[in-house]
Each structure stands twice: as C-alpha cells, then as structure tokens.
Amino acid sequence: MVEQTQLPSAPTLFGGVINFGRGYVRRLSSGDLGGLPIFVGLIIMTIIFQAQNGNFLTPRNMVNLILQMAGTTMIAYGMVFVLLLGEIDLSVGYVSAVGGVTVAILLSDANAGWTWPLAIPLALLITAGIGLLQGLIITLFRVPSFIVTLAGLLAWNGVVLRLVGRGGTVIIQDPFVVGIANSYLPPETLWGWVVVVIFVLGYAATQTVQYLTRRTRGLSTRPLPVIAAQIVLLGGLGAVVVAVCNQDRGLPVVGVLLLITGVLLTLLAKNTRFGRFVYAVGGNAEAARRAGLNVNRIRVTVFVLASMLAGLGGIILASRLRSVDTRAGSGNLLLNVVAAAVIGGTSLFGGRGRVSSAIWGALIIASLENGMGLLNVEAGDKYIITGIVLLLAVIIDSLSRRRQQQSGLA
C-alpha cells in the first residue's frame with residue numbers, strides 16, 4: 001500500500017511560518033545574511049540615483065540596464081563555479097575577448113563560407129580549450145590558479161592583439177550575431193508574458209516537487225505559505241520587468257538567454273552529482289579526496305565550464321557593440337565579473353554561493369555604473385567607488401563566515 005503524503009493543517013501551517021521566521025532571524029543573528037545585503041544595496045542605490053537623476057527608473061534606462069549587465073552576468077556565472085572551488089580565474093576577461101574576436105573574424109569574410117552555426121560553436125570550443133589548458137596546468141603542476149590565470153590574462157591579451165591587429169576594428173555584420181544583444185520581444189505581442197509564465201510555473205513545479213519529496217523523507221522544509229509567497233513575489237517581479245520593458249523596446253532577447261542559462265546552471269549546481277562535488281571540494285578539498293572524489297577532474301571541468309561561459313559572454317559583448325577591437329576584454333570587465341559573483345553572495349573562500357545570485361550581483365554593478373554614468377561621474381571616481389563596493393562585499397563575507405564559525409553554522 002503506497003503511503004500518501006499528508007499536507008499540514010492550517011494551525012500547523014501557521015506555526016510552521018512562525019518557526020520559519022524565528023529560524024530566519026536566528027540565522028541572521030548568526031551571520032548568515034543570505035541575499036539581504038544585495039536587496040538593501042539595490043534599494044539604497046535606486047533611491048540615490050533616482051533622486052539625483054529622474055531618468056534612472058525610466059523604461060528606456062531599465063532596458064539599457066539589462067543590456068549592460070548581460071555580458072558580465074554570463075561570465076560571472078562561470079566565475080561562481082570557480083570561486084565555489086576556492087580558486088580564481090583572472091583570465092576570463094581576455095578569454096571572453098578571444099570568443100568574441102573569433103566569431104567576428106570568422107564572419108568578416110563572406111567568401112570564406114563561415115556562418116554563425118559554425119562560428120559560434122568553434123569559438124566556444126576554443127575558449128573551452130583554453131580552460132582545459134589552464135586547468136591541466138593548475139592540477140598537474142600544482143601551480144596556484146592565481147598565477148596560471150594571471151599568465152593567461154597576459155597571454156590571451158596578446159592573442160587578441162595579434163588577431164585584431166594594431167589599432168584595428170572588426171565590424172560584425174551577421175544579422176543573427178548582431179541580434180543576440182540587439183533584438184527584443186515586441187511589446188505588441190505576448191511573448192514577454194509567455195516567458196514570465198513559463199518561468200514562474202517551472203519554479204513553482206520544482207519547489208512543489210522538492211517540498212513533497214522532503215516531507216515524504218521526513219526532512220525539514222520551508223512552510224507552504226512561504227513557498228507560495230516566494231512564487232507570487234517572483235511572478236510579480238517578472239511581471240514588473242516585462243511591463244516596464246514593454247513601455248520601451250520590449251524585453252531584450254539576451255535577457256531571456258541569461259534567464260535560461262541561469263536556470264540550467266542552477267540545476268547543474270544544485271541537482272547533479274557534479275554540482276554537489278564542486279561544493280564538497282570547495283568546502284574541504286582534502287576531505288573530498290579522501291571520500292573518493294576525483295578532485296583534479298572536478299577542478300579541470302570547472303575551469304573548462306568557466307572559460308566556455310566567458311566565451312559566450314564575449315560574444316554577447318561583441319554583439320552589443322556590433323564590433324570588436326584591441327580593447328576587447330580590457331578595462332574593468334574582470335573587476336565587474338569578480339564583483340558580480342562576490343556581491344551576489346559567492347564566498348571567496350569556497351564552498352558557499354549560488355549561481356542565480358550572480359544575476360543580482362551583476363545588477364548591483366550595472367546599476368552602479370549606469371547611475372554614475374547618468375550623474376557624469378569621472379572615470380577615475382568610478383573605479384574608486386566600484387573598488388570600495390567590492391571591498392565592502394568581501395569584508396561582509398569574511399565577517400559573516402567568522403560569525404557563522406563562532407555560532408557553529410560553518
């Protein structure tokens with residue numbers, strides 16, 4: 001006879017919500033801040049920038065914000081996996097440039113016969129190969145990832161300079177590649193709303209299955225009202241985004257690409273053996289090795305994944321600019337990628353973080369740059385402010401981890 005899962009009664013639900021709230025307050029007091037600093041930071045920045053320049057919250061600027069954060073977010077997805085291992089990849093900026101430049105050059109000669117279905121996979125394969133090379137050097141020769149990827153930063157910068165040529169610029173004319181970051185779901189259609197409905201229904205389904213599975217196994221779980229509130233909140237947020245974007249050009253297609261990639265990578269991190277192994281290695285590599293995990297293989301795989309996502313991010317950046325030049329991958333791209341991952345809650349010490357949080361971290365960075373641009377802040381001051389924000393995020397992470405260790409939670 002199959003045992004049926006009994007749903008809790010109303011009093012039990014009410015008591016569960018109270019207990020959940022108490023547990024949340026207890027976790028906060030123990031140093032587990034979760035996403036609280038992100039949302040507080042977003043609210044503060046929004047108030048300041050909107051008060052100083054009324055254009056910050058306009059539909060046109062909100063659409064621009066999605067476009068500005070797209071490339072950084074894609075690269076930050078891969079950086080999250082690297083940081084989960086307790087490693088670092090300083091080369092992702094120029095690896096992304098290699099991906100964008102490769103696609104641009106292959107498609108620049110119409111007589112060569114290259115089309116985007118061939119050029120994009122080849123560029124991603126090349127960048128994945130870069131990750132494989134760097135990962136093998138790190139694991140086989142036991143060289144710190146900081147040194148290997150710092151050397152990669154210099155080497156792949158040189159490759160970009162050689163490919164593009166001194167002072168050169170390669171214009172991208174392929175309609176598909178240009179459309180990656182320059183096309184929108186038309187406001188007059190329902191496609192933007194369809195995306196939100198599918199995403200929310202998918203999230204609701206996964207949360208429901210997780211809830212029933214954990215209750216069946218006798219494990220603790222979030223109360224149903226809390227899960228329902230999260231689903232409603234997510235749906236409301238998605239509806240606001242689509243409604244605002246539809247007042248301008250429509251929801252950017254690249255935003256949908258970010259959403260799909262984020263969901264797939266979140267499932268990879270949370271619902272697969274590989275993802276659990278990454279967290280295990282980042283938490284304690286020696287314990288993971290003694291438990292029988294192939295630590296070297298996991299490290300190499302993560303660097304391959306990070307470099308491939310960097311290549312995809314580079315293609316998005318090239319698409320947005322409709323060209324590549326010798327400055328591709330330079331500037332504050334690396335700083336923004338690391339900041340997006342760390343501000344999103346991924347620990348620099350390994351073993352803690354979520355892929356989806358990279359979106360919020362990238363939103364913080366993009367909002368900061370966008371707002372400072374609207375206020376005509378000097379370039380030097382932008383670097384100083386962004387650096388301070390990154391430093392504050394690392395300090396908060398360090399204090400939070402120390403507090404959790406003292407409380408016995410970490």
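Modeller: Helices and strands are runs assigned by DSSP, a helix being a run of H or I of at least four residues and a strand a run of E of at least two, and both are numbered from the N terminus. The model is a predicted one, in which local features need pLDDT of at least 70 and side-chain atom pairs count only at pLDDT 80 or more, while totals for chains, interfaces and linings use all residues. Residues are numbered from 1 along each chain as its sequence is written, and side-chain values use heavy atoms, with hydrogens and water left out.

The phi angle of Arg322 is near 65°, a positive value in a residue other than glycine. Most residues other than glycine have a negative phi. Arg322 counts as partly exposed because its relative accessibility is 42%; buried means under 20% relative accessible area, exposed means over 50%, and partly exposed lies in between, using a 1.4 Å probe and protein chains only.

The strand β4 covers residues 323–325, and Ser323 belongs to it. Ser323 is buried, because its relative accessibility is 17%. Contact here means heavy atoms within 4.5 Å. When neighbours within four places in sequence are left aside, Ser323 is in contact with Thr169, Val170, Ile171, Ile172 and Ala318.

Beyond the strand, Ala328 occupies the loop between β4 and α14, a helix of residues 333–343. Ala328 also counts as buried, since its relative accessibility is 18%. Apart from neighbours within four places in sequence, its contacts are Tyr94, Ala97 and Val160. Ala318, already named as a contact of Ser323, is 10 residues away from Ala328 along the chain, and their C-alpha atoms are separated by 8.2 Å.

Arg142 is found in the loop between α5 (116–140) and α6 (145–164). Its phi is near 55°, again a positive value in a residue other than glycine. Arg142 counts as exposed because its relative accessibility is 72%.

We may now turn to α13 (295–321), which is among the elements covering the buried residues of helix α11. The others named as cover include α3 (59–84), α10 (253–271) and α12 (285–290). Helix α11 comprises residues 273–283, and its buried residues are Phe274, Gly275, Val278, Val281 and Gly282. Seen down the axis of α11, these residues fall within an arc of 125°, so they line one face of the helix; the arc is that of the directions from the helix axis to the C-beta atoms. Arg273 and Gly283, on the other side of α11, are exposed. An α-helix has 3.6 residues a turn, so residues three or four places apart point the same way.

In soluble globular proteins, nonpolar side chains tend to be buried together.

The relative accessible area of Val92 is 2%, so Val92 is buried.

Finally, consider the chain as a whole. Its secondary structure comes to 16 helices and 4 strands. The radius of gyration, taken over C-alpha atoms, is 22 Å, close to the 22 Å given for 410 residues by the globule rule (2.2 Å times the number of residues to the power 0.38), so the chain is as compact as a globular protein of that length. Of its 410 residues, 43% count as buried.
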